[in-house]
Amino acid sequence: MIEAGSAHIAVLAAMHKTVFPHEAWDEVGFTTLLRQPGVHGLIHEGGGFLLLRSVLDEAEILTIGVLEKRRGIGTSLLHEGLRRLRLAGVRTLYLEVATDNAPALALYEKQGFVVTGRRKAYYDDGGDALTMRLELAAPLQAGQSGTGE
């Protein structure tokens, strides 16, 4: 897992365009986001990315994507993101997901996210989004993995 920084902007934008061709974020967007306080990114060497924003004890998934599905990359990114958020003292994580994105919904539900609402016509194509929330367990202490192993 690589901590995303300014050197990774082009890679992030290229991966995002591959995963979300109709709503791709460009290099300017990633640069702006990664400069904001509380925004952190991860890149999985197998071809995936995760951007999170945290404020105090709450956080949100800004975007997550994988180049090849069904390889465990999304799960790995999410687990590492959750571990880091717990270490930072985050207690609640939020996200929006397209109602027709069955693989993402399955991933989030498996991790314990619950649906909290619906945003009508949230996406550029007119598609709806579900809002979801995950209450994180007690914050981890340095050295804990958070994987239960």
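## Briefing on a predicted single-chain model

Leu56 is exposed, with a relative accessible area of 77% (buried means under 20% relative accessible area, exposed over 50%, and partly exposed in between, for a 1.4 Å probe and protein chains only). The residue lies in the loop between β3 and β4, and its phi is positive, at about 55°, although it is not a glycine. This is a predicted model, in which local features need pLDDT of at least 70 and side-chain atom pairs count only at pLDDT 80 or more, while totals for chains, interfaces and linings use all residues. Residues are numbered from 1 along each chain as its sequence is written, and side-chain values use heavy atoms, with hydrogens and water left out.

**Confidence**

- The mean pLDDT of the chain is 88, pLDDT being the predictor's confidence in each residue, from 0 to 100.
- Of the residues in the chain, 92% reach a pLDDT of 70 or more.
- Over residues 144-149 the pLDDT is below 50, and this stretch has 5 contacts in the model beyond near neighbours in sequence (contact means heavy atoms within 4.5 Å).

**Overall architecture**

- The chain has 4 helices and 7 strands; helices (H or I, at least four residues) and strands (E, at least two) are DSSP runs, numbered from the N terminus.
- Along the sequence, these elements follow the pattern β-α-α-β-β-β-α-β-α-β-β.
- The radius of gyration of the chain is 15 Å, close to the 15 Å that the globule rule gives for 149 residues, so the chain is as compact as a globular protein of that length (the radius is taken over C-alpha atoms, and the rule is 2.2 Å times the number of residues to the power 0.38).
- Taken along the principal axes, the C-alpha atoms fill a box of roughly 40 × 35 × 30 Å.
- Buried residues make up 39% of the 149 residues.
- Among contacts with a separation of 6 or more, 57% are between residues 24 or more positions apart.

**Strand β7 and its partners**

- Strand β7 (residues 129-135) has 5 of its 7 residues buried, so it is largely enclosed by the rest of the structure.
- Strand β5 (residues 92-98) pairs with β7 in the antiparallel sense over 7 bridges (two strands pair if DSSP finds at least two bridges between them).
- In β7, Leu130 stands opposite Val97.
- Strand β6 (residues 114-119) also runs antiparallel to β7, and 5 bridges join them.
- Ala129 in β7 stands opposite Arg119.
- The loop between β6 and β7 contains Ala121, which has a positive phi of about 50° although it is not a glycine.
- As background to the phi values, most residues other than glycine have a negative phi.

**Helix α1**

- In helix α1 (residues 9-19), the buried residues are Ile9, Leu12, Ala13, Met15, His16 and Val19.
- These residues cover an arc of only 165° around the axis, which puts them on the same side of α1; the arc is that of the directions from the helix axis to the C-beta atoms.
- Exposed residues Lys17 and Thr18 sit on the face of α1 turned away from its buried side.
- The cover over the buried residues of α1 includes β1 (2-4), α2 (27-35), β2 (39-44), β3 and β4 (58-66).

**Salt bridges**

- A search of the whole structure finds 9 salt bridges (a side-chain nitrogen of Lys or Arg within 4 Å of a carboxyl oxygen of Asp or Glu).
- Glu80 and Arg83 form a salt bridge, with the closest N and O atoms 2.7 Å apart.
- Both residues lie in helix α3 (residues 73-87), 3 residues apart, or about one turn of the helix.
- Glu80 counts as buried at 15% relative accessibility, whereas Arg83 is partly exposed at 23%.
- A network of salt bridges links Glu3, Glu80, Arg83 and Arg84.
- Arg119 and Glu96 meet through their side chains in a salt bridge (3.4 Å, N to O).
- This pair links distant parts of the chain, with Arg119 in strand β6 and Glu96 in strand β5, 23 residues apart.
- Arg119 is partly exposed at 38% relative accessibility, and Glu96 is partly exposed with a relative accessible area of 25%.
- Another salt bridge joins Glu135 and Arg133, whose closest N and O atoms are 2.9 Å apart.
- Glu135 is partly exposed, with a relative accessible area of 48%, and Arg133 is partly exposed at 29%.
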